[in-house]
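Welcome! Here is a short tour for anyone meeting this structure for the first time. Please take a look at it before reading on.

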Amino acid sequence: MITLLNNETFEKKDILQKMYDDSFYYGYLGKHALSSSTCKSLLESPEAYVEYINKPPKEKEPQPFRDGRLIHLLSLEPHRIDELTIVESTKGSKAYKLAVEEQLPQTVYTLAELNRCKKVADSVLNNKEFSSLVNKARFEIPEIGNYNGFPFRGKADILLNGIVVDLKTTSDISSFYESANTYNYDLQAALYLELFGAFEFRYVVVDKRTLEVKVIQFSDEFIQSGYNKLNIATENYQKYIDNKEFYDLNYKNNV
């Protein structure tokens, strides 16, 4: 059984099936399970976590996020491209704005965005090391489990026997190691090793400018750093639970 943060319980096989639905995975579980994303705020403090969960959704998604999602789809699940609405005109056009009103904004792209991201995805698909790595792999596999007594969700871009692989896009592949520390990729790696019962975590990194592709595996020290951060995050979440009324009230008084 899996018990969520709101104390609702699920049979694991049932909730895993639901997690293939993005609205459940990102919507419902986004509120009632922890993740590597929520841990980024918890690493700072319980107060930062309260601010994070109360932030209104952004009206406009940053372009790098849009590109990253589309590159993931084209690289890992190209058969799902038909689920998108592709508009031949620009984002400022009436046709695009109408499509966004009628569809989910994250499913509407311009033809220019599609063509640009397809070049990046093709560089991944044509990379021999990537092709060898993902042979017989499974893609976009969700998982849920407990760490330090709290429910965590995750979704593996690529899952092999005992190996989790994550696809990352960057605008400068030479600085990926610095980015990995800045954006707490070590925490994500440690969490996914736990969730999937894996023994190895790798990154496939593609440079959106140069189209260079690298497969990177970090050191044991990098992974241990991730576990250290996970422990800090769950300690801060416990502090939030123990003093929930105080933190919530303090947030309301400062908004």
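Contact here means heavy atoms within 4.5 Å. Keep that in mind as we go through the model, which is a predicted one.

## The sheet

Let us start with the strands. An open sheet is formed by 5 strands in the order β5-β6-β7-β8-β9, and its pairing is mixed. The edges are taken by β5 (138-147) and β9, each with a single partner strand, so one side of each is left without a neighbour in the sheet. From one strand to the next, the twist averages 35°.

Strands of a sheet pair through backbone hydrogen bonds, either parallel or antiparallel. Strand β6 (residues 150-160) pairs with strand β7 (residues 163-170) in the antiparallel sense over 3 bridges, and Leu 160 stands opposite Ile 163 in β7.

## A hairpin to look for

The other pair is strand β8 (residues 200-207) with strand β9 (residues 213-216), antiparallel over 4 bridges. Val 204 is found opposite Val 215 in β9.

How many residues lie between β8 and β9 in their hairpin? There are 5, and Leu 211 in the turn has a positive phi of about 70°.

## Helices on the sheet

Helix α11 (residues 220-242) lies across β5, β6 and β8, and runs at about 150° to β6. Helix α5 (residues 63-76) also meets strands: α5 packs on the sheet and touches β5, β6 and β7. The direction of α5 makes about 130° with that of β7.

## Where two helices cross

Now follow α5 to its meeting with helix α7 (residues 111-125). The axes of α5 and α7 come within 8 Å and cross at roughly 50°. Is this pair parallel or oblique? An angle that falls under 35 degrees would count as roughly parallel, and one from 65 to 115 as roughly perpendicular, so α5 and α7 are oblique to each other. The crossing is right-handed.

Several residues take part in this contact. On the α5 side they include Arg 66, Leu 70 and Leu 74, and on the α7 side they include Leu 114, Cys 117 and Val 124. The residues of the contact of α5 with α7 divide into 9 nonpolar, 2 polar and 5 charged.

## A helix with buried residues

Our last stop is helix α4 (residues 46-54), where Pro 46, Ala 48, Tyr 49 and Val 50 are buried. What do the buried residues of α4 pack against? Their partners are α3 (36-42), α11 and α12 (244-254).

Definitions and conventions:
Residues are numbered from 1 along each chain as its sequence is written. This is a predicted model: local features need pLDDT of at least 70, side-chain atom pairs count only at pLDDT 80 or more; totals for chains, interfaces and linings use all residues. Side-chain values use heavy atoms; hydrogens and water are left out. Two strands pair if DSSP finds at least two bridges between them. Axes are lines fitted to C-alpha atoms, for helices over the stretch in contact, and angles run from 0 to 180 degrees between N-to-C directions. Buried means under 20% relative accessible area, exposed over 50%, partly exposed in between (1.4 Å probe, protein chains only). Angles under 35 degrees count as roughly parallel, over 145 as roughly antiparallel, 65 to 115 as roughly perpendicular and the rest as oblique. A crossing is left-handed if the near helix is turned anticlockwise from the far one by less than a right angle, and right-handed if clockwise. Ala, Val, Leu, Ile, Met, Phe, Trp, Tyr, Cys and Pro count as nonpolar, Asp, Glu, Lys and Arg as charged, and the others, Gly among them, as polar.
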